[in-house]
Amino acid sequence: MQRLWAQMQFSKQHAAFVIHDRLKDLQPLWVRLRDSQSPYTVKVHAVKMAAWPRGLHGISAVCLGTTRFGPLRSAAMKGLNADGSGCNPVVHLGLIEKPMVDPQFWSIMTTFRSLRDCATAESLYPLLMSVVENQGLLPRGGPTNALLQRIHTLGWTVCSDGRVSDQWGSFSLFTVSLQELLFRAEAAWTQVVSAAVQHRQCFQGLCDADAKGTRAFVTKLTVQDQGLMRKALNGASFTNDSQCYYTSSGSSQCEFCGQTDSRFHRFWQCPVFESARRDVPRALLARIDTLPPCLTHAGWRIKPPTMDQWWAT
């Protein structure tokens, strides 16, 4: 029988050693998951329903630094056998899969659920506003600061009346439906992921990506094509402009035509793959240079420009 120890704090000194110890205990699980012959989708379900509830039990009341989630994502990618050169764990776990597969997003939503179960607007709003006005009023590791930290992680702000404001307007964490809360958080998470990977060329413009629509498209592919599409979407290195740094040849030329290699070259310029572009309308091919790199380099679907305005109304 597994025991899920709780953590309580009685001083202003911030400590999260119980959570840290619990996360270390996940190491054998990642090894078993990687060695498992189960399908990829089953492994993803195991990460969401087994790994995070076990390793992050009690996270609602504990502040955990953003950098702590990086090793967790890398471990999960290894468990899913989805790691590799260039593969970005934040994009893979938070956008290619539903965001609840990402440990940080899972922690945020778990905090919101615990808040709705254990607190009331009358008790929380004054406390939350006092922390906003005076950051040193409460212990840094307390549940109220943990909540505020996660609200800010999503790019949301706390209004003067205790409600929360996002890109679509203000709402109450208590009266909004859980489905709408998840929907708003997932939309905000796209912006969080985009900001984290904006330094990479293939993810430029990811802030305008339609992650839900892209996931729906991937599920319509064959199992083999789904695996290939995930590699395209998560930034995996398969062209010589990146592989040249760790191969014996050191060449950045395309192995098929000899020109300078890149994702854009492979998808839209290399004459060897002209047959794969045969069904693309010529009018669209003429505009390829004007489209965002996250679409042309990685295959992310772009949301309509009026979508945010639609949801705001």
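Predicted model: local features only at pLDDT ≥ 70, side-chain atom pairs only at ≥ 80, totals over all residues.

User: What makes up the secondary structure of the chain?

Analyst: The chain has 16 helices and 3 strands. Helices (H or I, at least four residues) and strands (E, at least two) are DSSP runs, numbered from the N terminus. The C-alpha atoms fill a box of roughly 65 × 50 × 35 Å along the principal axes.

User: Why is Cys270 called buried?

Analyst: Buried means under 20% relative accessible area, exposed means over 50%, and partly exposed lies in between (1.4 Å probe, protein chains only). Cys270 has a relative accessible area of 0%, so Cys270 is buried. Its place is the loop between helix 13 (263–269) and helix 14 (282–285). Across the chain, buried residues make up 43% of the 313 residues.

User: What does Cys270 touch, leaving out residues up to four places away in sequence?

Analyst: Contact means heavy atoms within 4.5 Å. Cys270 touches Cys254, Phe256, Cys257, His265 and Arg277.

User: Why is Ala236 called buried?

Analyst: Ala236 has 7% relative accessibility, so Ala236 counts as buried. Ala236 lies in the loop between helix 11 (223–233) and helix 12 (240–243). Not counting residues up to four places away in sequence, Ala236 touches Ser85, Gly86, Cys87, Lys231 and Arg263.

User: Why is Thr153 called partly exposed?

Analyst: The relative accessible area of Thr153 is 24%, so the label is partly exposed. Thr153 lies in helix 8 (residues 143–153). Beyond residues up to four places away in sequence, Thr153 touches Gln104, Ile108, Trp189 and Val192.

User: What makes Asn81 stand out in its backbone, and how exposed is Asn81?

Analyst: Most residues other than glycine have a negative phi. Phi of Asn81 is near 55°, a positive value in a residue other than glycine. Asn81 has 49% relative accessibility, so Asn81 counts as partly exposed. Asn81 sits in the loop between helix 4 and helix 5 (89–96).

User: How do you know that the buried residues of helix 2 are on the same side?

Analyst: The buried residues of helix 2 (residues 27–35) are Leu29, Trp30 and Leu33. They cover an arc of only 100° around the axis, so they lie on the same side of helix 2. The arc is that of the directions from the helix axis to the C-beta atoms. On the other side of helix 2, Val31, Arg32 and Asp35 are exposed. The buried residues of helix 2 pack against helix 3 (40–55) and helix 4 (69–79).

User: What puts the buried residues of helix 1 on the same side?

Analyst: Val18, Ile19, Arg22 and Leu23 are buried in helix 1 (residues 17–24). Their arc around the axis is only 135°, which puts them on the same side of helix 1. Phe17 and Lys24 are exposed on the other side of helix 1. The cover over the buried residues of helix 1 includes helix 2, helix 3 and helix 4.

User: Why are strand 1 and strand 3 at the edges of the sheet?

Analyst: The open sheet of 3 strands has the order 1-2-3, with antiparallel pairing. Strand 1 (157–158) and strand 3 (169–171) each have a single partner strand, so one side of each is left without a neighbour in the sheet.

User: How do you know that strand 2 pairs with strand 3?

Analyst: Two strands pair if DSSP finds at least two bridges between them. Strand 2 (residues 164–166) is joined to strand 3 by 3 bridges, and they run antiparallel. The bridge partner of Asp166 in strand 3 is Gly169.

User: What makes the charged end of Arg230 sit over the ring of Tyr40?

Analyst: A charge sits over a ring if NZ of Lys or CZ of Arg is within 6 Å of the ring centre and within 35 degrees of the ring normal. The charged end of Arg230 is 3.7 Å from the centre of the Tyr40 ring, and sits over that ring.

Conventions. Residues numbered from 1 in each chain as written. Heavy atoms only, no water.
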